[in-house]
Amino acid sequence: MTNKIFRFHHTIRVRWSECDAQGIAYNATYLTWSDVAQVEYFRNLGLPIYEMASLNLFDTVTAKVTIEYKLPAKLDDLIDIYVRIISIGTSSITMEYELHRHGTSQLLATILSIYAHYDNIKSQSRPVPEEFREMFNKFEEDGDIPSKEIIRRLNFDSLSNKIN
């Protein structure tokens with residue numbers, strides 16, 4: 001439970017393979033959890049993220065990650081991962097994550113990740129399409145999920161069939 005406005009969260013359970021001998025989640029696991037939460041964030045918006053990446057329509061690569069550990073996550077804990085986009089640059093998207101023990105205000109960690117919108121054919125960053133920028137900003141402002149309309153407007157026929 002956070003004081004900031006997060007329009008989305010995803011809950012995960014700490015698994016045995018993610019812990020050390022003391023039953024505490026290994027530090028690198030937090031990156032995996034943020035990746036899972038990022039995909040679920042886009043899925044919540046109706047974006048078939050893996051299909052979009054395979055068609056080279058929308059994809060991101062991690063440019064920078066900062067993690068601040070506050071309290072340990074432990075074996076079998078439920079963790080609420082709150083996710084939001086806090087800024088969109090020309091070719092970058094900055095996402096903020098807060099990890100809380102499920103149903104509590106206990107902050108376990110914060111993560112700030114900067115992703116580059118990536119062209120996997122040219123192997124370089126590229127500008128974030130205006131339609132995606134509008135969709136992300138609208139969702140963060142008021143919680144609207146207009147992705148079906150935007151995907152249709154972009155005329156991604158193969159994607160439109162997947163989300164109908």
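Predicted model: local features only at pLDDT ≥ 70, side-chain atom pairs only at ≥ 80, totals over all residues.

Me: Start with Lys4. Which residue does it form a salt bridge with?

Reply: Its partner is Glu96, and the closest N and O atoms are 2.7 Å apart. The pair links distant parts of the chain, 92 residues apart. Lys4 sits in the segment before β1 (8-13), while Glu96 belongs to strand β4 (residues 92-101).

Me: And those two, buried or exposed?

Reply: Lys4 is partly exposed, at a relative accessible area of 38%. Glu96 is buried, at 11%.

Me: Why is Glu96 put down as buried?

Reply: Because its relative accessible area is 11%, and buried means under 20%.

Me: Which residues are linked with Lys4 in a network of salt bridges?

Reply: Arg84, Glu96 and Glu98 are linked with Lys4 in that network.

Me: Why would side chains pair up like that at all?

Reply: Side chains of opposite charge can pair when their charged atoms come close.

Me: OK, next one. What does Arg15 pair with?

Reply: Arg15 forms a salt bridge with Glu18, with 2.6 Å between the closest N and O atoms. Glu18 counts as buried, with a relative accessibility of 6%.

Me: Now Arg126. Where is it?

Reply: Arg126 lies in the loop between β6 (124-125) and α3 (130-142). Its relative accessible area is 17%, so Arg126 is buried.

Me: What's its salt-bridge partner?

Reply: Arg126 pairs with Asp119, and their closest N and O atoms are 3.6 Å apart. Asp119 is buried, as is Arg126.

Me: What else does Arg126 touch?

Reply: Not counting residues up to four places away in sequence, Arg126 touches Asn56, Leu57, Phe58, Thr90, Ser91, His117 and Tyr118, along with Asp119.

Me: Changing topic. Where is Val65 found?

Reply: Val65 is in strand β2 (residues 60-69). At 33% relative accessibility, Val65 counts as partly exposed.

Me: What is Val65 in contact with, leaving aside neighbours within four places in sequence?

Reply: Val65 is in contact with Leu31, Ile111, Leu112 and Ser113.

Me: And Ile114, how many residues away is that from Val65?

Reply: Val65 and Ile114 are 49 residues apart in sequence. In space, they are 6.4 Å apart, C-alpha to C-alpha.

Definitions and conventions
Residues numbered from 1 in each chain as written. Heavy atoms only, no water. Salt bridge = Lys/Arg side-chain N within 4 Å of Asp/Glu carboxyl O. Helix = DSSP H or I, 4+ residues; strand = E, 2+ residues; numbered from the N terminus. Buried < 20%, exposed > 50% of the residue type's maximum accessible area, 1.4 Å probe, protein only. Contact = heavy atoms within 4.5 Å.
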